[in-house]
Amino acid sequence: MRIAVTGMTGRFGRLLAQALHRKYALVGIDRRAWTTRPVDVEMHQVDIRRQRCEDVFRGGGFDAVVHLNVMHDPRASSEEHHTFNIRGTTRVMDYCVRHRIPKLVLLSSANVYGPRPENPQFLTEDAPLMGGTRFSEIRDLIALDMCGQSFFWKHPDVETVILRPVHILGAVKNAPSNYLRLEKIPRLAGFDPMIQVVHELDVVRAIEAALLPGVRGVFNVAGCEPVPLSDLIRRTGAEIIDFPHFLAEPVLEQLWRMRLTSFPAPEVDHLRYVCMVDDAPFRERTGYVPAHDLDRTMAHLALSRLAELR
Amino acid sequence: MPDSVIDRIDRLKAELGDRPTDDFGFDPESIKPIAPALHWLYRHYFRVEATGLQGLPAGRVLFVSNHSGQIPLDGMMIGCALLFEGHPPRAVRSMVERWVPTLPFVSTFFARLGQVLGTPENCRTLLEQGHPILVFPEGVRGINKTYDKAYELQAFGHGFMRLALETRTPIVPVAVVGAEEQYPALWNARPLARALGLPAAPVTPLFPLLGPLGLLPLPVKYRIRFGEPLWFDGDPHDDEARLGDKVSVVRDAIDAMLQEGLENREHVFW
């Protein structure tokens with residue numbers, strides 16, 4: 001099976017390549033170079049939005065595309081974010097149609113539902129995508145998710161799979177991993193929502209499961225059993241600092257403006273409200289079962305923290 | 001407080017295995033600090049007499065009760081009855097309002113005690129996991145009624161019946177006699193309630209006359225009767241009228257137990 005992976009040079013893309021390159025013929029597409037890649041991985045250094053990129057797809061003979069070329073840099077300008085993410089994604093969709101690639105896997109996130117006080121404990125795939133009501137930076141991801149959904153209906157000949165995993169933990173650089181890698185972890189006093197996390201390698205396994213012929217649609221992906229946020233922090237061994245919630249957001253906003261933190265202020269809602277998903281449809285459809293329990297996931301995160309310190 | 005109460009809580013904790021809480025954040029350990037107070041209220045203040053606890057269905061079950069007494073002590077006492085005297089002890093889950101998750105400390109406290117945000121999805125999940133749920137289909141109409149309407153069942157919502165049909169869950173009707181008299185509201189000061197953003201502002205013979213002392217519930221005797229389980233069949237998405245017929249069966253069962261309880265009681269306070 002020959003698979004094109006866009007955005008392979010990102011941390012998650014590299015992880016996916018290292019995990020899957022012996023099983024599949026992988027072809028990476030990224031505007032950044034990756035010199036230390038496994039020798040059997042073919043790499044094209046090209047911006048996905050460029051015309052030149054189509055050549056890769058034209059002669060590629062791909063059986064599937066895994067689209068990871070999504071920018072999650074809250075510091076990037078919203079315009080750059082938008083053109084890169086949305087235009088990049090629509091381009092990839094065009095290539096799939098024009099070059100008859102039968103499968104497209106998009107990586108969205110359970111954050112598109114948004115942490116909200118009125119959320120049921122477990123959101124299903126048909127829950128409205130309300131993540132953007134408070135946190136505008138996530139609107140891109142919502143737009144991307146919706147793009148994928150309309151593509152799914154317009155082009156039934158392409159098996160489109162949209163995965164919405166919960167907070168991914170590991171060596172990846174994302175808000176939840178960065179947060180739990182802190183030495184002193186701030187928390188909102190009096191709030192202790194239930195949290196779901198998933199090991200980064202389990203997300204790779206979910207993508208692999210999504211590649212199975214016949215699998216199509218939108219799927220939530222959960223990992224370990226849900227635990228209270230305080231339990232998650234306790235497992236990192238970090239010190240907890242409680243902040244009153246009404247102070248946390250304005251303070252964080254100031255810190256953000258002064259470039260003293262990498263956490264956008266509205267994300268504190270994740271420390272306050274529940275945003276968990278029910279992934280029963282994905283498990284039933286593909287047989288996916290996460291291989292890493294919470295202990296292993298947290299141990300993996302601790303290792304990534306050590307590596308970072310070094 | 002007898003040791004058996006702690007044993008009962010430990011039994012609930014054991015069901016969780018090595019997880020710190022269940023999926024909804026319920027941790028039976030959290031009951032322990034307040035268990036002495038609950039037990040004192042249950043045994044000595046309200047001297048609860050619970051009947052019909054034998055032969056309750058195991059696994060998922062919907063307890064449907066009348067609602068009264070201005071503050072939901074009736075729910076608390078039903079929960080205590082199932083925990084202190086149930087065979088086996090059970091932690092009944094009840095539903096909280098949508099603004100509760102926005103409150104610091106309160107949200108966590110309620111979640112640890114097994115209270116869950118009241119959405120149909122959450123009820124369905126709990127039932128599918130085999131938990132017992134307590135619902136008051138009268139809602140605020142029941143709990144905030146004035147004393148002239150004591151023991152008159154108000155209109156029932158239909159949501160619980162839809163859930164029972166969808167998840168094929170038995171319904172156990174529950175009648176609470178006594179709670180109506182804990183705060184006999186003479187008048188509901190609606191404009192004041194609206195101004196304060198409260199569901200009701202009851203004026204009782206002792207409140208606000210006696211000041212904070214008037215806030216204490218009267219030491220009435222609670223009689224809680226658990227009825228025979230009822231099973232229903234049918235389409236959960238049936239029209240309201242057809243659902244209403246089924247709801248009436250439950251309402252009538254509760255009403256009959258209420259009237260019987262009222263006839264048999266000799267005094268409000270003992």
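Biologist: How many salt bridges does the rule find across the interface of chain A and chain B?

Modeller: Bear in mind that this is a predicted model, where local features need pLDDT of at least 70 and side-chain atom pairs count only at pLDDT 80 or more, while totals for chains, interfaces and linings use all residues. Side-chain values use heavy atoms, with hydrogens and water left out, residues are numbered from 1 along each chain as its sequence is written, and chains are lettered from A and ligands numbered from 1 in the order in which they are written. A salt bridge here is a side-chain nitrogen of Lys or Arg within 4 Å of a carboxyl oxygen of Asp or Glu. Across the interface of chain A and chain B, the number found by that rule is two.

Biologist: Which residue of chain A does B:Arg112 form a salt bridge with?

Modeller: For this pair, the closest N and O atoms are 2.9 Å apart. The partner of B:Arg112 is A:Asp192.

Biologist: What is the area buried between chain A and chain B?

Modeller: Buried area is the accessible area (1.4 Å probe) that two parts lose on being put together, summed over both. Carbon and sulfur atoms give 59% of it here. On the chain A side, A:Gln121, A:Phe122 and A:Gly190 supply 26% of what that chain buries against chain B, more than any other three residues. The area between the two chains comes to about 1,500 Å².

Biologist: And the cysteines: how many disulfides are there over all chains?

Modeller: A disulfide has to be a pair of cysteine sulfur atoms within 2.5 Å. For A:Cys53, the nearest cysteine sulfur is that of A:Cys96, 11 Å away. For A:Cys275, the nearest one belongs to A:Cys224, 16 Å away. Over all chains, the count is zero.

Biologist: Why does A:Cys53 count as buried?

Modeller: Buried means under 20% relative accessible area, exposed means over 50%, and partly exposed is in between (1.4 Å probe, protein chains only). A:Cys275 is buried too, at 9%. A:Cys53 counts as buried because its relative accessibility is 0%.

Biologist: Where is A:Arg31 found?

Modeller: A:Arg31 is partly exposed, with a relative accessible area of 38%. Its contacts (heavy atoms within 4.5 Å) include A:Gln45, A:Asp47 and A:Glu80, not counting residues up to four places away in sequence. Strands are DSSP runs of E, at least two residues, and helices are runs of H or I, at least four, numbered from the N terminus. A:Arg31 sits in the chain A loop between strand S2 (25-30) and strand S3 (42-45).
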